Amino acid sequence: MAELNLAPGVREQLAAIARVRWQIFVNSLRTLRGRLELVSHIFITLGFAAGGIGGLAGSTAGAYYLVSSGKTEWLAAILWPIFLFWQLFPVVATAFTDNFDTSNLLRFPLSYSSFAVIRIVYGSLEPATMLSSLWLLGVAAGVGMASASLLPWAALALILFAALNILLARMIFSWVERWLAQRRTREILGVLFLLFIISFQLIGPLMSRYGRSAHPDLRRFAERVFPIQRLLPPGTAASAIASAAQGDYAIAAGTLAILGIYGSAIFWFLHVRLRAQFRGENLSEAPALTESTGERGIVHVGWKLPGISGPVAAIFEKEIRYLSRSGPMLFTLIMPVFILFIFRLTPSTSSRGSGSFLASSSEMAFPIGAAYALLILTNMVYNNFGPEGAGVQMYFTAPVPIRSVMLAKNLAHSTILALEMVLVWVGAGLIYKPPALATTLATIAGILFALPVNLTVGNLLSISSPKKIDYGTFGRQRASNTTVFASFGVQILVVGLAAITLMAARSFDRIWLATAVFLVFAAVAWVVYSAVLKGIDHMAFSHREDLIAELTRAS
Amino acid sequence: MSSPAISTDGLTRRFGPLTAVEDVDLRVAPGQFFGFLGPNGAGKSTTIKMLTGLLAPTAGRIEILGLDLAAHPLEVKRQIGVVPEGMALFGRLTGAEYLNFVGRMYGLDRETAAKRAAELLDFMQLADQPKKLVTDYSHGMQKKLALAAAVIHGPKILFLDEPFEGVDAIASGTLKAMLQSMISRGATIFLTSHVLEIVERLCSHLAIIHRGRLVAQGSLEELRAGVEAQAAAALSSDGGRATTVVAPGEKLTLEQIFLRIVGGAPPADQELSWLS
């Protein structure tokens, strides 16, 4: 009789999973595409590393200054931005987030604890965790340089703070994923977001008042806010270090215990989601069989778009239907307004001392929001076929040129951008002030230039560097590294050119100059777009095997 | 004599050093229910991909209904329907939306596409859960939907890559009924399958590909006669010592013919002693 006690240990399982991920990575280097991915990944990592090192130096210097000048409690001023970045970046910048599917691990004799560790560890291998951890290391170094005796306490507090952040990020991510997966919860989330934005109308005047008021008022405001923030994780961590600095070790230990309680509470909420996933939760939107009434569905005729051929209209309709059923993508699309909101809350960078950069240059809110809307749209534009999966084969067996397919997708994405711009215009008006006509026209002209550039590059990359993505699951919309890298280059070029033009026009106090320049750029860009679209069939057919193979492969 | 529905000359496909399909000359007459068989990795899917425009041949020529596929891809595609490997469905549409979409891609007007979509959903017994997304369909339902999509424009030739794989007896019955009705109306069907019993029952003509080369082609009777003749020749050459192919009065099944042609042998006895 065979030995039945074969359940492997957690360590062996984790090692096996790590090994298989490594083997997959090594095998991916066999193809040119795989090697390009690696090179792009290295460049992206270098980009992040530059930001990380800058932040590391800043946090080290900041922590050193605060501790050596006896303002240890103000370490919260460093920990808060780190905390916000850690939590918001993965949700806002899903292009850098890779939420890999662990459901196929469930068939193995994997214990819940192994599953939870895998979800937490693999989910944390993303830029926000890496950079934030680096910055925390900087804080610890700064504290240690200023006061070596404080280092053990600081290290303990920061390790606890880091663990809490890792758990909180995973917790937020898993709950947002859950809420976006189904229509009902998605709608509730949408309404909450709307209320959040509307409520800002009440907070806005308050912020403006404090933003514009004299220094003593601002100080009074900070004094009121300070005790509240001490109760929250970044403030608690800073308080623990400050108490240790003052020799109140019992208080420091108690404060650290509060941090531990926060961590435990967060872990419990995360555990609820992980447990559900471990039990094989299915978040599909299919109506349960018992709900089937036997009703025969009426097949509605497809959309008719004036002046547009049947196949192009059909693809346009399909694109819009896909998007309307994708909670994660809809969530991403409201981000431009959210970003305007975030900008409204950020401290002043202006010498005039007003509430925020955009509060002092509120006419820039619409251009910045529109640029961000375009940036978000690149997620779709640069990986046109990603959501189709095996369905992409249909485009190659149907009697429709690929240029028509691309045209339809570009039309759909352009329509979404137009709607986004309306949303941003209204949002900018509500949060700041209605954009001036000249600014509005200049922004529209700028987008008319930036859009064809992105569509052109997007069409080419969609064919040459596709990646299967899942519109239905949060954090599984990440394009290939090559695409992300190329998209960075294009955005730097386009946004840089647009910013220089706008700044120059502003310095002459002639915004219409920017409009005129953008329109000239736009004319050239549309000509290039049209030429590339004409030749796209040839490129699509020469790349069809790789394209189909990539999109039909199992995730 | 009318031109073949499908014909290939010297069809070859190489993937680097590997030759997946080599010098294949196929002839499929109009109205035939044609089965394309072969062991795993023999080149079936590669061939069907080339015939449907999903893969470019390295060498050779493909004619569909007398039209050169390379020169007239769109004209050819208008007249064929395809259920490729992986089915090419769009998971986040409902069945009705998907059929409507495919119909319009093949040039049907909006009203016709919607009418045919409704009829096909009814025929395939997929109409009673109209709000269900394709991604939530069972495998069998997806196969039925893929077939419905492949025929919505009334193609003259239908290419099916493993249409019966993972399909239950009820769904399989529905699929077979539809295919036979198409054949009775003059369509040509080109099918690959591993389910030899179904192929034997449905197909009038067959081709067998092995290690990228076409090793047999013809009607089932022609293939049977060929194998029996070979067996008889072998029997006489060794003075009657070899065992007979089949008992007197019985016919070789397609499975036996297939195994004779591709030389399949049962796996050697192995000891996997740890298996309970």
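What share of the contacts in chain A with a separation of 6 or more comes from residues 24 or more positions apart? In this predicted model, such residues account for 80% of those contacts.

**Chain A**

Chain A contains 21 helices and zero strands. The chain has 555 residues, of which 42% count as buried.

**The contact between the chains**

Chain A contributes 39 residues to the contact, and chain B contributes 43 residues. On the side of chain B that touches chain A, the elements that give two or more residues are α2 (73-78), α3 (95-105) and α4 (110-123) of chain B. Among these, α3(B) gives the most, with seven residues. Sorted by class, this side of chain B has 23 nonpolar residues, eight polar residues and 12 charged residues.

**Strand pairing in chain B**

Strand β5 of chain B, residues 59-64, takes part in a pairing with strand β1 of chain B, residues 6-15. Strand β5(B) also pairs with strand β6 of chain B, residues 67-68. The table sets out both pairings.

| Strands | Sense | Bridges |
|---|---|---|
| β1(B) and β5(B) | antiparallel | five bridges |
| β5(B) and β6(B) | antiparallel | two bridges |

Individual residues can be located within these pairings. Asp9(B) stands opposite Arg61(B), a residue of β5(B). Ile64(B) stands opposite Leu67(B), which lies in β6(B). The strands β5(B) and β6(B) form a hairpin with two residues between the strands. In this hairpin, Leu65(B) takes a positive phi near 50 degrees.

Terms used: Residues are numbered from 1 along each chain as its sequence is written. Chains are lettered from A and ligands numbered from 1 in the order in which they are written. This is a predicted model: local features need pLDDT of at least 70, side-chain atom pairs count only at pLDDT 80 or more; totals for chains, interfaces and linings use all residues. Two residues are in contact if their C-beta atoms, placed from the backbone, lie within 7 Å. Helices (H or I, at least four residues) and strands (E, at least two) are DSSP runs, numbered from the N terminus. Ala, Val, Leu, Ile, Met, Phe, Trp, Tyr, Cys and Pro count as nonpolar, Asp, Glu, Lys and Arg as charged, and the others, Gly among them, as polar. A residue is buried if 20 or more other C-beta atoms lie within 10 Å of its own, exposed if 12 or fewer, and partly exposed in between; C-beta atoms are placed from the backbone. Two strands pair if DSSP finds at least two bridges between them.
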